[in-house]
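Let's take a walk through a protein model together. Have the sequence and the 3D view open, and follow along one piece at a time.

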Amino acid sequence: MRILIGNDHAGTELKFEIMKHLEEQGYEVENYGTDTKESVNYPEIGAKVAEELAAGKGDLGVLICGTGVGITMAANKVPGIRAAACSDTTTAHLIREHNHANIIGIGARIVGVELAKDIVDSFLNAEPLGGRHQERVDMITAIEKKYSR
């Protein structure tokens, strides 16, 4: 499985920890984030990861900024992307199962390294559910199409 990862300056250290963790588990990881602490614009990185994922260049995405929120907001502007910021393992699991999220956002200033690894693992180990969950995801997609230009 190929994981696309992106981060701003606040998430650089956590990004390297998550990348190492994923690679040790056998995931292929593609880095779209900054590798320094010099200020960068998180919307550009969130959009880039989302565009690449929507184009089929990866299976799932991980985005990291200070809170995990801004970078996922940018990613969600790309059609076909369902990104959510998470700070606990239960939500990470459920956004994948119930909402068919394809990108998870992590706040480097919100959670520690070990919890962040657990959150990413919970997300990656969950599978999207069908039934009523698929119906609701289809409703989200219909809203997205309604407002797409």
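Predicted model: local features only at pLDDT ≥ 70, side-chain atom pairs only at ≥ 80, totals over all residues.

## The main core

Start on the inside. The largest nonpolar core has 23 residues. Ile18, Leu22, Ile104, Ile106, Phe123 and Leu124 are the ones that touch the most other members. The largest share comes from α5, which gives five residues.

Pick out Leu22 if you'd like to see one member up close. Leaving aside residues up to four places away in sequence, Leu22 touches Ile3, Tyr27, Val29, Val120 and Leu124. There is also a second, separate core, made of 14 residues. Ile45, Leu53, Ile71 and Ile81 are among them.

## A covered strand

Now zoom in on β5. Five of its five residues are buried. In a regular strand, side chains alternate between the two faces of the sheet. Here is how that looks in β5: Ile103, Gly105 and Gly107 point one way, while Ile104 and Ile106 point the other way. Whichever way they point, all of these residues are buried.

What does β5 pair with? One partner is β3, in the parallel sense, over five bridges. In that pairing, Ile64 stands opposite Ile106 of β5. Strand β4 (residues 83-85) also runs parallel to β5, and three bridges join the two. There, Ala85 has Gly105 in β5 as its bridge partner. To get from β4 to β5, the chain crosses through α4, and this β-α-β crossover is right-handed.

## Charged pairs

Time for the charged side chains. Side chains of opposite charge can pair when their charged atoms come close. How many salt bridges does the structure hold? The count is seven.

Take Glu13 and Lys37, whose side chains meet in a salt bridge at 2.3 Å, N to O. This pair links distant parts of the chain, 24 residues apart: Glu13 sits in helix α1, and Lys37 in the loop between β2 (28-31) and α2 (42-54). Are these two buried or exposed? Glu13 is exposed, with a relative accessible area of 52%, and Lys37 is exposed too, with 58%.

Next come Lys15 and Asp35, which form a salt bridge with their closest N and O atoms 2.8 Å apart. Lys15 lies in helix α1 and Asp35 in the loop between β2 and α2, so this pair ties together parts that are 20 residues apart in sequence. Lys15 counts as buried because its relative accessible area is 0%, whereas Asp35 is partly exposed at 44%.

One more pair to find is Glu52 with Lys57, whose side chains meet in a salt bridge at 3.3 Å, N to O. Glu52 has a relative accessible area of 11% and is buried. Lys57, with 44% relative accessibility, counts as partly exposed.

Terms used. Residues numbered from 1 in each chain as written. Heavy atoms only, no water. Core = buried A, V, L, I, M, F, W, Y, C linked by side-chain atoms within 4.5 Å. Buried < 20%, exposed > 50% of the residue type's maximum accessible area, 1.4 Å probe, protein only. Helix = DSSP H or I, 4+ residues; strand = E, 2+ residues; numbered from the N terminus. Contact = heavy atoms within 4.5 Å. Pairing = 2+ DSSP bridges. Right-handed = clockwise from strand over helix to strand, strands pointing away. Salt bridge = Lys/Arg side-chain N within 4 Å of Asp/Glu carboxyl O.
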